Amino acid sequence: MSEQKQKVIEKLINDPLMPLRHSAEHVLHMSIESLYPGAKKVMGPPIENGFYGDFDVEAKISQEDFEKIEARMQEIINAKLSVILKEVSAEDAKQLFKDNQYKMEFVNEFAGQGKNITVCEIGDSTSKFHDVDLCAGPHINNTGDIKAFKILNVAGAYWRGDEKNKMLTRIYATAFDSKENLQKYLDLQEEIKKRDHRKIGKDMDLFAFSDLVGKGLPLFTERGTTIYRELSRFVVDEEIKRGYKHVHTPNVAKTDLYRKSGHYPYYKETMYPPMQIDEDELILRPMTCPHHFALYMSKPRSYKELPIRYAELAQLYRYEKSGELTGLMRVREFCLADSHNFVRKEQAAEEIGLVLDLIESSTGVLGFKKGEDYRYRLSLGDRKNTTKFYDSPSEWDYAENVLRTVLTQRNAPFYEAEGEAAFYGPKIDIQLDNVTGKEETAFTVQYDFVLPKRFELEYVNEKNEMDQPVVIHRSSIGAIERTMAFMIEKYAGAFPVWLSPQQVAIIPIGEKHLEYAQKVEQLFREKNIRVSVDSRNEPMNAKIRNAQTLKVPYMLIIGDREVENGTVSVRLRTEENLGAKPIAEVVAKVSEMYLTKSLYLW
RNA sequence: GCCAAAGUAGCUCAAUGGUAGAGCAGCUGUUUUGUAAACAGCAGGUUGUGGGUCCGAUUCCCACCUUUGGCUCCA
């Protein structure tokens, strides 16, 4: 079992509401079985913030049915049925669940492993509702203790999580020890929805989608493009400072390139289909690696040149399944801050350390904290799965050990995930939580010992012999689109000054202050600060409200007093009123906050 | 792709088997404003698209498209 899964389980075990939710899940399936004859309960664990139940049921269950399902659950709760956990023999279990192939599968599995089989009994044969189910507990003692619950949604889920298996009906719900706590949870969910980058993206006019253009293909407005540009500039400058060579390679290439790299058979399904141009078959590139290899191979290389770090803001095209697209988080065309670092094998560990330095420093600038906002995941191969992973156990052992050692020596907390590696080598993934608490891979560092072989990458070593480099594939701030999504949700649209689409709003109180306002605007423009004068015929309060809604960090109010004294009155989006200040001081302050990428306003 | 749902003006939402209404945004006037919404008028929609049922469909039915929540996937 992976450390991550263990952590999730620990968290659940320590959750005092877990037994309550577990019992509520049994009440849910009792309700389904009594309302839908022939329905078979499959399984259903408590999860963070609630629980779900999987059912094999003929009828379509939809939101309209929630009311009657909840009503039946309430009946079972009101009946105040006892919940008793007991051990049974494998034979008894087989007899109990003989009509349910799913439970039988579990029973046979447990029996085969020599595990004890426990069941829980809710109610008894004399009560109106009675159920015995395969279950390891824990439970509350009486269904009457379920004080508040709510069905949240219904979804499909494959039996045993396999696409090839039958799709079951999964019902998500939650339960609490009081109505107040349930309501608190539901209110919190509403709050979270307000931070959703898709909602903020629309409200703040950052990006849009168009049916005419196609799904998963975001269109960035001027305001959104500003954030995009600042992030791009930042990463390019930061990388060049650290010895990266920024290059540019084409967005299309011959399919043969990906056949050579070995990507093609693995990822054919998620590439755009090929197009025929004259004699050549081309595809939109789904990754940059082979392009950078081709550049590396364009001339002979010496050991003196290494490490060579080819970086690119690379436009990539991946045919993600339609159901997987989500705002800017998962798109079909995106820009990856990509790099391939060609190093001697003995330089690999140091190079990975440098990459992690870059990542930690960049994420710090963005305002993400290690351990809090993101975690390291060491993604390992699987020696047994030679179809997915390149077959060379000793090289896997070596590479995985390099990554593990680097993390350990840095005292960087990490967890290991088996089978999450790339086909060509293990990787360190930087895992970020999105607004709903779901973990996503934001950035990644990969150790590649396979593709150099495929491309016969070489360099001349100090003994004048040919040697093969190792390639570190890495992304510093990931895909710009995804990073933007994370930033939007982290700051709920109130971006740090350097990323704010509009940094300064100048608000003249009346028409007669307009000329002065424009002079002030000019002073900010000279410092490349994104500023605009709200010259609309609106009352001051309306202008403030407008700037406040757009989360403009600085609002500068100009009336008679300011014109007279050569000042501006500074209001921050935090609603702090700093009063009148000399123009030069404000320009200098905003400029400083911008250039230092400060996370503060003043 | 699969399961479930949603789609009405730029945005947030209302209404109806007899071809739709409000607030905000927009435009035009009036007003010239001191730290989160001045007033008035105007304009704005083949109710996602295409079929079907009906005297009549935005409303009922079907298909498709897009979006949302899951599943699977994520180089």
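Two strands count as paired here if DSSP finds at least two bridges between them. Helices (H or I, at least four residues) and strands (E, at least two) are DSSP runs, numbered from the N terminus.

## Ground rules

This is a predicted model, where local features need pLDDT of at least 70 and side-chain atom pairs count only at pLDDT 80 or more, while totals for chains, interfaces and linings use all residues. Residues are numbered from 1 along each chain as its sequence is written, and chains are lettered from A and ligands numbered from 1 in the order in which they are written.

Let's start with β24 (residues 504–508), which pairs with β25 in the parallel sense over 3 bridges. Across that pairing, alanine 505 sits opposite serine 532 in β25.

The pair belongs to an open, mixed sheet of 5 strands, ordered β25-β24-β26-β27-β28. β25 (531–533) and β28 (577–582) are the edges; each has a single partner strand, so one side of each is left without a neighbour in the sheet. From one strand to the next, the twist averages 25°. Helix α17 packs on this sheet, touching β24, β26 (554–558) and β27, and its direction makes about 175° with that of β24. (Axes are lines fitted to C-alpha atoms, for helices over the stretch in contact, and angles run from 0 to 180 degrees between N-to-C directions; residues are in contact if their C-beta atoms, placed from the backbone, lie within 7 Å.)

## The eight-strand sheet

There's also an open sheet of 8 strands with mixed pairing, running β11-β15-β16-β23-β20-β19-β17-β18. Its edges are β11 (245–246) and β18 (414–418), each with a single partner strand, so one side of each is left without a neighbour in the sheet. Inside it, β15 (residues 308–317) and β16 (residues 333–343) run antiparallel and are joined by 10 bridges. Glutamate 312 faces aspartate 338 in β16.

Two helices to look at here are α12 and α15. Helix α12 (residues 348–366) packs on the sheet, touching β16, β17 (374–380), β19 (427–433), β20 (439–448) and β23 (470–479), with its direction about 5° from that of β23. α15 packs on the sheet too, touching β16, β19, β20 and β23, but its direction makes about 45° with that of β23.

## Helix on helix

Helix α8 (residues 222–241) and helix α15 (residues 480–491) have axes that come within 10 Å and cross at roughly 110°. The contact uses Ile227, Tyr228, Leu231 and Ser232 of α8 with Ile480, Thr483 and Met484 of α15. By class, that's 5 nonpolar, 2 polar and no charged residues. (Ala, Val, Leu, Ile, Met, Phe, Trp, Tyr, Cys and Pro count as nonpolar, Asp, Glu, Lys and Arg as charged, and the others, Gly among them, as polar.)

The axes of α12 and helix α13 (residues 393–409) also come within 10 Å, crossing at roughly 50°, and the two helices are therefore oblique to each other.

## Around the RNA

RNA strand B is surrounded by 59 residues, the closest being Ser62, Gly156, Ser322, Gly323 and Gly559. (A residue is near a molecule or strand if its C-beta atom, placed from the backbone, lies within 6 Å of it.) Elements giving two or more residues to this surface include β7 (148–158), β8 (167–176), α7 (197–203) and α18 (560–565). The largest share, 7 residues, comes from α17. Split by class, the surface has 18 nonpolar, 23 polar and 18 charged residues.

Most residues other than glycine have a negative phi, and most peptide bonds are trans. Asparagine 49 has a positive phi, near 70°, and is found in the loop between β2 (46–47) and β3 (50–56). The peptide bond from leucine 306 to proline 307 is cis, with omega near -5°; proline 307 is in the loop between α11 (289–296) and β15.

How values were computed:
Parallel < 35°, antiparallel > 145°, perpendicular 65-115°, else oblique.
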